Amino acid sequence: MGHKVAVIGTGTWGTAACTLISQHVDEVCLWARRPQIAESINLTRHNPQHLPELELPAKVQASSSLQEALEGASEVVLAVPSAFLRATCEKAAPYVREDLPILVLTKGIEPGTGLLMVDLVADVFGHVERVAALSGPNHAEEIAQGKISAAVIAASDQAIAERFQNLFVSPAFRAYASTDLIGVEVCGAAKNVIAIAAGVTAGMDAGDNTLAVVMTRGLAEIGRLSVACGGDPLTCMGLAGMGDLVVTCTSRHSRNRTFGEAYAAGETLAEYESRTGMVVEGAQAAISVWELARKHGVDMPITDAVHAVLYEDVLFADVLDGLLGRRPHDEFYGI
């Protein structure tokens, strides 16, 4: 049999990932939750819902059957929203071999359990040593256009990280390896919350200075949480930390940033997600990151502010007054 990779999820990232992986394998099977999406991809070579302008390579075939997608796969890539990751994994579990390497593209922390995405996946499938995570400044829209991008792939087993590194690397996509799973995962989840705050700042026309303050103090928050969870503080300075934070806080492709702008203009979270058909991962993370910070006693004032505005019916003006009224600490306290 040829080299087959299963990609679970037809969102923007899952769709774009197929174009990278297909350069190195014989077959990519893209799993779609809805049969009509799979049928359309196979008939037209285009995903009608996400990145519709991208023509998928002939090596990419779609299926709405998890069994068919996973059968004979040498690796599996998970690319579904964090809110649906556990349920999808549980449905896929009967078809996932114990030795099948798994790469998680989903960013987030599970509310209630506080599990990082790789730990959630291992909780369902077992054998955490074969699970890796990819993170970095890599908007799928630009990857689909062949623009230069980069990411870090982390796994506790260096060989697993390098295995997925070889699947993703291309002339326009740099893939670096790491063993700091915790740091990479925490950065990937927490930066989405900061990006909402950055979007609100931009939507209020608060200025570039204010945006820079939100981003850099947000990075300090992420660093404190990562260290408290056992991550390497240097990871926050790399692609999964600063790199992803910059692009998520500034890019027009960032749904977290654009939601923050829309919120500042008076649009609710439900209205934004209904209008765009996209899940705002930062809104989910505002709950789980907030819970994790409280569990570890980590000071995260910007995250607290986003949580208060979205889920505690606190006015943004009151939150802003609270942030500005805080007495400044040493710049890198808690790290």
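Trainee: Which residues form a nonpolar patch on the surface?
Mentor: In this predicted model, the patch consists of Val227, Phe332 and Ile335. Together they have about 280 Å² of accessible area.

Trainee: Where is Val227 found?
Mentor: Val227 belongs to helix 9.

Trainee: And is Val227 buried, partly exposed or exposed?
Mentor: Val227 counts as partly exposed, because its relative accessibility is 31%.

Trainee: Changing topic: how many disulfides does a search of the whole structure find?
Mentor: The search finds zero disulfides. Cys89, for instance, is in none, and the nearest cysteine sulfur, that of Cys29, is 16 Å away. A pair of sulfur atoms would have to be within 2.5 Å to count.

Trainee: Is Cys89 buried or exposed?
Mentor: Cys89 is buried, with a relative accessible area of 1%.

Trainee: Now the backbone. What is the phi of Asp205?
Mentor: Asp205 has a positive phi of about 55 degrees, although it is not a glycine. Most residues other than glycine have a negative phi.

Trainee: Where does Asp205 lie?
Mentor: Asp205 sits in the loop between helix 8 (181–203) and helix 9 (208–229). Its relative accessibility is 68%, so Asp205 counts as exposed.

Trainee: And what is the phi of Asp313?
Mentor: The phi of Asp313 is positive, near 55 degrees. Asp313 lies in the loop that runs between helix 14 (301–311) and helix 15 (316–324), and it counts as exposed at 74% relative accessibility.

Note on methods:
Residues are numbered from 1 along each chain as its sequence is written. This is a predicted model: local features need pLDDT of at least 70, side-chain atom pairs count only at pLDDT 80 or more; totals for chains, interfaces and linings use all residues. Side-chain values use heavy atoms; hydrogens and water are left out. Helices (H or I, at least four residues) and strands (E, at least two) are DSSP runs, numbered from the N terminus. Buried means under 20% relative accessible area, exposed over 50%, partly exposed in between (1.4 Å probe, protein chains only). Patches are made of residues with over 30% relative accessible area and no salt bridge: like charges are joined within 9 Å, nonpolar side chains (Val, Leu, Ile, Met, Phe, Trp, Tyr) within 5 Å. Accessible areas come from the Shrake-Rupley method with a 1.4 Å probe; for residues, only the protein chains shown count as cover. A salt bridge is a side-chain nitrogen of Lys or Arg within 4 Å of a carboxyl oxygen of Asp or Glu.
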